[in-house]
Amino acid sequence: MMPEAARVTGVAVWWDAIRRDRKATFGAILLALFVLVGVVGPWLVGDPDALVGIPLQPPSAEHWFGTNGQGQDVLAQVVVGTRVSLAIGFGVGLAVVLFGALVGVTAGYFGGRVDGLLSILFNVFLVLPGLPLAIVIAAYLPSGPLTLGLVLVVTGWAWNARVLRAQTLALRRRDFVAAAVVAGESNWRILTSEILPNMMSLVVAQTIGSTVYAIGAQVGLEFLGLGDVSAVTWGTNLYWAQNDSALLTGAWWTFAPTGLCVALVGFALTMLNSGFDEITNPRLQMERAWRAHLLARDQKPTRSTPVVPDHD
Amino acid sequence: MRFLLRRLGFYLLAAWVALTLNFFLPRLMPGDPATALFARFRGRLGPEAMQALRETFGLTDAPLLSQYLTYLAHALRGDLGISVAYFPSPVTEVIATGLIWTIFLAGTAVVVSFAIGTLLGVAAAWWRRGWVDTWLPSLLVFLGAFPYFWLAMVALYVLGFTLGWFPLGHAYGDDLTPGFSVAFFADVARHAVLPIGTIVIATLGGWLLSMRNTMIAILGSDYVNLARAKGLPASRVALRYAARNALLPSVTGFGMALGFVLGGSLLTEIVFSYPGQGYLLVQAVRNQDYPLMQGIFLVITLAVLAANWLVDLVYLWLDPRTRESAS
Amino acid sequence: MTEPLLSIRDLCVDYVTDRGPVRAIDRVSLALERGEILGIGGESGSGKSTLAQALLRTLPPPAVIAGGEARFEGRDLLALGEAELRELRWQRISMVFQSAMDALNPVITVGEQIVDTLLAHGKATPGAARARAGDLLEMVGLPRDRLAAYAHQLSGGMRQRVGIAIALALEPSLVILDEPTTALDVIVEREILEHIRALQRRLGFAVLFITHDLARMLQFSDRVAIFYAARLVEIGPAAALRDAPRHPYTQGLLRAFPSLRGDGGELASIPGAPPSLQDPPSGCRFHPRCPRAVDLCRQRNPELVQLAPRHSAACHLAG
């Protein structure tokens, strides 16, 4: 096995990226905060469904985020919603990648007719508009997290299949795979010990991206009323805010915090991925050292090759 | 030419998949679909409505294959059934009222966003470490992390409700009659600023980053190097040599993102009570109007496929290598 | 004695990586006269390609020019600003790239790529530029109608000819050929080189011919320079290097090329592999692979020493 490749493609490089790149560090900390809130938070706030005050009260010392149209505490709603929304988000993100990997890696590895058929399959799903399809499927099934999850997976797997297929194709052509094939190793062994380990960091990146998608799509569907509207999630919070005409009554606090949470989590995850890109992209790395070198000698980066005499 | 035909074939296949999905989905419900449908609408629909519903879904006593073919025949004729919520209007009629607004809104937004985002991406890649490359992308990514409809809510609240700069909803004022007049177009434009603006801001970051990354890769290629070595002015190297080539993968990505952006714009329509497919969709969901829901799905799918084919045309024009078979 | 067209002294080029600078060209000195063809040979990574782009200052990051001097037609190449470089490029020094497929913009016609060169330097009106572009194509043996073609519609040899036409568009005094025929088959390769030589005799430009194909280089050049591990190890008239090479590396290279021997002698390759530039061997960079290495070779890096008129080598044992 090649140590160099492992350095770039293994999972350990993620930890490296988080420590070294500012964007990734920021993203990781922000994400950790939200996970903390999701895990511990619900025990610290009261029952989100309880009617605790007059409806549509602005934020105050008693209710930090005010009350919603029913008279419930918005802070409690947001915190409790964090747990469910994040859980479904991560769960679906993972499921989407696993399913996409199943199809994509199979297509990329076996090639030929298998690849042709599977490629058509995921390309079709890529081009069909996701939200309308999700709505139509969800409408026929009983509402709840399972339906939501199913619908999100059906509309989201195709992108991962495409990306992972491309990577599998590239790896398939590499020498060490050809050597394994010639040595007579079984397909299963080649896949599990040569190809998949070299794709792990991409798989992690895809999972992060898919989680962002899952959270956003979930919130969108719930906003439409397709989730379980009696559950407390970020999406249903927004659904009720819209239903209770939050905007027209000026009750911005009923939808602002939830939206902000969705954005912050999405942003954190995206920053993680972006930081990882910076660390593993060799071209960006090279430029970084070059710029530092120029700056240290009071020179500005130029388009033409700079002249930086070494005073030995 | 062969390229276009191949793509057309693919889109026809996708359309067929959409139709087939539409056929099988009602049969997803637990139990016999006909009974289940009746159960849901019992007491709400008269016998004619029920009959119309059965016919729309091809839920006759004929064997499955014959039901399927009947359904396909209806669809190809443009008969998507009768709407439950707007009974007895046919689904196609209901959809037609809002289709143009959705196309106007989503179409304008996506084109404007792509154009601005792509230009910013070129600037970000050319002037690395400039402000276009450092904090602007992060800011736009952050804005893009908000759900489109949430940004819509904020925009509506701040710019419409609080500041009163823009109208609070709809496509045009209630006092105007639609027509080809400057006053009408101006009013439409005024009503469109917030919805289109929201979608543009939400999607700008994505185009910027994608173009920027592609440009950075292309700036390292040999032909860009040669262009620089030839002493060409910077603008020509950046635009005619680098950006022109970076545009190709961007346009491909554009096609793939269309369906996704359309979904977001539907939700945005809801916030602004914009009279498009989004509004109809919400009504359909609320009333469990399956024929309308499926009709909207089908029409939107066809619109997206058609748009994709247009994008393929543009790609053909942009890339001389696709214009003929290998020489 | 007139000043040489190009005079390089102790030129150093580094690639700045996060593990420290890697020296890709280490104190290289050479001179090129007007109208002369100088071949530059060596293995990949020896520094020869870096040299070409260093002169034009088009090396992309993380390259920096870390020292030395480079004078061209009396001007200090290293002191020029962006605007002056832009003017110098192509008008005085031009280049033919290795794989012309990648060096030609795929989305505009080849004609446009010749024309924009002419227009960029204010050499002609658009109409006159098109006419001249047609002339240039004919000069390299292509029909005028190929002006409207795209790069992918041309064969490898034709693309290379277009590259040459572009390089000659502004009648420079120095044309750098960077592995111009590596991607082509042997017959096309010979045709192209013959053509270049004919043009060179007619127009009188100097040529830096960079290649790893020693045989071609010796046939084609007046003088030859051999690079090894970022250093210039031998330079002299082509005939002298072919018949009496003084540096062990050059000798090893010649032994590895059968066409030059022609007598069925043994094909001998040089044992070992070129050293890593990040961590080069002490003293003479070649000593680990040299059959004649002695202690001194391990300790001190030899400088170029003149052994005969216009023939120098960097070897402790060559004197």
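Two strands pair if DSSP finds at least two bridges between them; helices (H or I, at least four residues) and strands (E, at least two) are DSSP runs, numbered from the N terminus. This is a predicted model, in which local features need pLDDT of at least 70, side-chain atom pairs count only at pLDDT 80 or more, and totals for chains, interfaces and linings use all residues. Residues are numbered from 1 along each chain as its sequence is written, and chains are lettered from A and ligands numbered from 1 in the order in which they are written.

Chain C holds an open sheet of eight strands with mixed pairing, in the order β6-β7-β8-β3-β9-β10-β12-β11. β6 (93-96) and β11 (305-308) of chain C are at the edges with a single partner strand each, so one side of each has no neighbour in the sheet. On average, neighbouring strands are turned by 20° against each other, direction ignored. Within this chain, β9 (223-228) and β10 (231-237) pair in the antiparallel sense over six bridges; I226(C) has E234(C) in β10(C) as its bridge partner.

Chain C also touches chain B, with 23 residues from chain C and 21 residues from chain B in contact (C-beta atoms, placed from the backbone, within 7 Å). On the chain C side, α4(C) gives the largest share, three residues.

Chain A meets chain B as well: 35 residues of chain A are in contact with 42 residues of chain B. α6(A) contributes the most to the chain A side, with nine residues.

Terms used: Two residues are in contact if their C-beta atoms, placed from the backbone, lie within 7 Å. Axes are lines fitted to C-alpha atoms, for helices over the stretch in contact, and angles run from 0 to 180 degrees between N-to-C directions.
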